[in-house]
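Here's a quick briefing to read with the model open beside you. Keep the viewer handy and click along.

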2 protein chains.
Amino acid sequence: MEGVANEAASLAGHWGLGKLIAFYDDNHISIDGSTAIAFTEDVLARYEALGWHTIWVQNGNTGYDDIRAAIKEAKEVKDKPTLIKVTTTIGYGSPNKASTHSVHGSALGSKEVEATRKNLSWAHEPFHVPDEVKRHWAHHLDEGASLEAEWNAKFAEYEKKYQHEAAELNSIISGKLPDGWDNALPKYTPESPADATRNLSQQCLNALAKVIPGFLGGSADLASSNMTLLKMFGDFQKDTPEERNIRFGVREHAMGAVCNGIAVHSPGLIPYCSTFFVFTDYMRAPIRLSALSESGVIFVMTHDSIGLGEDGPTHQPVEQLFSLRAMPGILMLRPADGTETSAAYRIAVINRKRPSILALSRQKLPQLEGTSVEGVAKGGYVISDNSSGNKPDLILISTGSELEIAEKAAGQLRKEGKSVRVVSLVCWELFEEQPEEYKESVLPSEVTSRISIEAGVTLGWEKYIGQKGKAIGIDRFGSSAPAGRIYKELGLTVENLIATAKSL
Amino acid sequence: MEGVANEAASLAGHWGLGKLIAFYDDNHISIDGSTAIAFTEDVLARYEALGWHTIWVQNGNTGYDDIRAAIKEAKEVKDKPTLIKVTTTIGYGSPNKASTHSVHGSALGSKEVEATRKNLSWAHEPFHVPDEVKRHWAHHLDEGASLEAEWNAKFAEYEKKYQHEAAELNSIISGKLPDGWDNALPKYTPESPADATRNLSQQCLNALAKVIPGFLGGSADLASSNMTLLKMFGDFQKDTPEERNIRFGVREHAMGAVCNGIAVHSPGLIPYCSTFFVFTDYMRAPIRLSALSESGVIFVMTHDSIGLGEDGPTHQPVEQLFSLRAMPGILMLRPADGTETSAAYRIAVINRKRPSILALSRQKLPQLEGTSVEGVAKGGYVISDNSSGNKPDLILISTGSELEIAEKAAGQLRKEGKSVRVVSLVCWELFEEQPEEYKESVLPSEVTSRISIEAGVTLGWEKYIGQKGKAIGIDRFGSSAPAGRIYKELGLTVENLIATAKSL
């Protein structure tokens, strides 16, 4: 019933995943009772429409030979995934609870267990595995060992003939990153041209794909907006599985789920996926599962604020940054320029047990003077300062596209004689992991004049600005207007930041 | 491609929505190019499997008669929804851009507009509507007026014959709530038995359905866990559209979307929908649209914390409260007992332009002494206090199931001579809307000894506890264990709260 199942099944059909065999336990019961109260579609016909081969086993309770035959048939179909619908009785064997939803979520209870054992003529003690069953399964041990030996011998031969390819495969299997992989990440200076971080991101993606054999991914039908195409590769399709640009279609939920699957398949596979930042709302469930299952997926989320402009409030994230900072087990990164974007990708690749989300701008941003790879690794750091003795008059804290505004305002305030520090808080989770001394060196508790500026809701910023500080942000939905206009209307400007500083 | 479309289409087929006619613009182009790169299923066959009637118009560019015939056929099919697949050329008429994805998101440009006009022999000025076209549409004015008059006459007759039913219909059309509707909400005293707020919620739902004719809703296959069944009504199904229990199946995203549709259909229809709180992750997009489109949907979200117990971290929300508090335009309510649950429903019904989310417990909670309907209406209020001069030694702030812990800890601390205030912050958004004097009377700025306790992430609590306060919460995923055990392991206990108070 869940939409994500249809998204994923549609992709599986499109890709012709012949090795995939899915069993559909057709027991007609869901938690609320008979499935007939909410689910009357023809499931096999739907899967056929999605390009699957389908088989129906009508007696799933005792039709063992039919099940075996279905599996055999499914294995023989190599150009399509197969759905085997197996009609069963839920709680089969229980004389009083079979076919009812009460066996879905509750234990049978000792009395009914007894009655079921009797009904099924099962005389053994609880948890006892009869010898006959043990013997039956034991032969899989030898079988497995011989299959492994066969594979190892084949691979040894392959390694001799194809050294380069074997090394690549080994790297994917082991997860060991090639030496010096991060030297491939682009470097920028303040003189590098202004650019959108989504474009800078594409430079990183292409650089990483060149040096990491298991680096692959794609977008949910927004590749040319998200800037996620790997230029030296073609599309991953049915007949070109060696290519690395995955075309997910408009299926954000399945995209996240597929990337989780890729990440847990092999430690050396590093999947990324992409859409507009606001559409993380469509894929919160797989992002959370990514965190829970420690899958190091890289979520490349562009158009990360009202700065995307005319598409308006449905496309403008305002609460997404905080809603994801609140999620345990992930890194939420919002880089401000080329140096920070490269640094964010470095963090994302290193963190193989923790997913990273990169929030990237649609609009052009200048290359800033004080940004650094080492700083980003600490989550928060000083990018400019004219104070002495770790005691500025004022601290401006910002992330991403608003860091430029903070820098400009600081420049003007310094001209007026103030000592002002600007802090980039690019990744709150990493900053929180730093030693207290470091945090204190960036945000000295003595300095209570603090202002944050970020194009999103302000709830949560109290953590860093304190009760005497002020937060400039957007505590409402956005609006449809060109980026410059809407920044101005909503007060995300150098002028407003300076006025706020003077009002403290 | 989006999963929610399949969820919704499956429900439409199940319900046999004969009035629904959907057009599928089959132009073979998506943003990333040809749909063939990601979408090769047989769409009409899929919709047939979902129980739809389907029609294919092969020439959607100029086949006007075919389109008319398809609509006529679709209207005649009254027991099924109809999908009309209309094969078209995207950018039809544009000599250089037709059939390309460049016409999806960008304007043609003046040169290509010129070429297109020429190609289509369209000689008129931009934005000019030729008289012939005006005349053609003008007859709809009379047609509409006569249809309206016909309906009004019919309704006047109906009103005479069926006074009661007509009044109900008028109430649904106008949105005027029956006088004294909120007297129906259950009342509780501290002596009322302890109960889970999900059970207390069911009492409210049933009380409201009795007095409000347009009150209806259901659950995503968790009705017996969410406690959302309206006992005096049957199931809303194909042949029983007068009933009010909607069976959404396991389709959270479509459930939210359907409820948005119900809410905007008539001001007097008040839809509620329900699942486990953690599964708001599956339906953030419709919740956000509910807020953006000012649809007063009531989201009944049970099993609202680690207190749900054994189902473990996949089912235990920790970041959801905060992630929804961050969303503009909604009310996030977390009531602590019967009085607060009734009061929360009162707020939810009154707010017809703002969706409400109710976070409700699976576990039993006692009826507290100081909770009140008036207090909940202000979002935050003092539920117990032994201080004088608005200057307690300590303020404990909490919500929902943890308010009991705060009350118990306060009781013990008071015995040791401390003056302690306990504040229920049941709805942050409503509290923020109160005048400064009121907020100051609840949380006097002079008192910096503050502790929050809530079974969720602590991010955001700095807003109310300040930098000298402490937040007790859960900054990690939960665990599978009985509720009592996991509360203890994660430090959500009276003992820990008292120890924290003493460490301030």
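Where in chain A does Glu446(A) lie? Glu446(A) is found in the loop that runs between helix H17 (436-442) and strand S18 (450-453) of chain A. Before the rest, some ground rules.

This is a predicted model, where local features need pLDDT of at least 70, side-chain atom pairs count only at pLDDT 80 or more, and totals for chains, interfaces and linings use all residues. Residues are numbered from 1 along each chain as its sequence is written, chains are lettered from A and ligands numbered from 1 in the order in which they are written, and side-chain values use heavy atoms, with hydrogens and water left out.

**Chain A overall**

- Chain A has 20 helices and 19 strands; helices (H or I, at least four residues) and strands (E, at least two) are DSSP runs, numbered from the N terminus.
- Take the principal axes, and the C-alpha atoms of chain A fill a box of roughly 90 × 60 × 45 Å.
- Of the 504 residues in chain A, 55% are buried (buried means under 20% relative accessible area, exposed over 50%, partly exposed in between, with a 1.4 Å probe and protein chains only).
- Look at contacts (heavy atoms within 4.5 Å) in chain A between residues at least 6 apart in sequence: 74% of them join residues at least 24 apart.

**Back to Glu446(A)**

- Glu446(A) is exposed, at a relative accessible area of 56%.
- Leave out neighbours within four places in sequence, and Glu446(A) touches Lys391(A) and Glu440(A).
- Lys391(A) sits 55 residues from Glu446(A) in sequence, yet the C-alpha to C-alpha separation is 7.5 Å.

- Two packed helices are described by the angle between their axes and the distance between the axes.
- The axes here are lines fitted to C-alpha atoms, for helices over the stretch in contact, and angles run from 0 to 180 degrees between N-to-C directions.
- For the wording, angles under 35 degrees count as roughly parallel, over 145 as roughly antiparallel, 65 to 115 as roughly perpendicular and the rest as oblique.
- For residue classes, Ala, Val, Leu, Ile, Met, Phe, Trp, Tyr, Cys and Pro count as nonpolar, Asp, Glu, Lys and Arg as charged, and the others, Gly among them, as polar.
- Helix H1 (residues 3-15) of chain A packs on helix H10 (residues 252-265) of chain A at about 70 degrees, with the axes 8 Å apart, which means H1(A) is roughly perpendicular to H10(A).
- On the H1(A) side, Val4(A), Glu7(A), Ala8(A) and Leu11(A) make the contact, and on the H10(A) side Glu252(A), His253(A) and Ala254(A) do. By class, that gives four nonpolar, one polar and two charged residues.
- Helix H15 (residues 403-415) of chain A meets helix H20 (residues 494-503) of chain A at an angle of about 55 degrees, axes 9 Å apart, so H15(A) is oblique to H20(A).
- H15(A) brings Ile405(A), Ala406(A), Lys408(A), Ala409(A), Gln412(A) and Leu413(A) up against Val494(A), Leu497(A), Ile498(A), Ala501(A) and Lys502(A) of H20(A).

**Positive phi**

- Most residues other than glycine have a negative phi, and most peptide bonds are trans.
- Ser121(A) has a positive phi, near 55 degrees; Ser121(A) sits in the loop between helix H5 (110-119) and helix H6 (131-161) of chain A and is exposed at 64% relative accessible area.
- Glu294(B) also has a phi near 55 degrees; Glu294(B) is in the loop between helix H11 (284-292) and strand S11 (298-302) of chain B, and is partly exposed at 45%.

**Two spots in chain B**

- Ser342(B), in helix H13 (residues 338-350) of chain B, is buried, with a relative accessible area of 4%.
- Beyond neighbours within four places in sequence, Ser342(B) is in contact with Leu185(B), Pro186(B), Tyr188(B) and Cys204(B).
- His139(B) belongs to helix H6 (residues 131-161) of chain B and is partly exposed at 39%.
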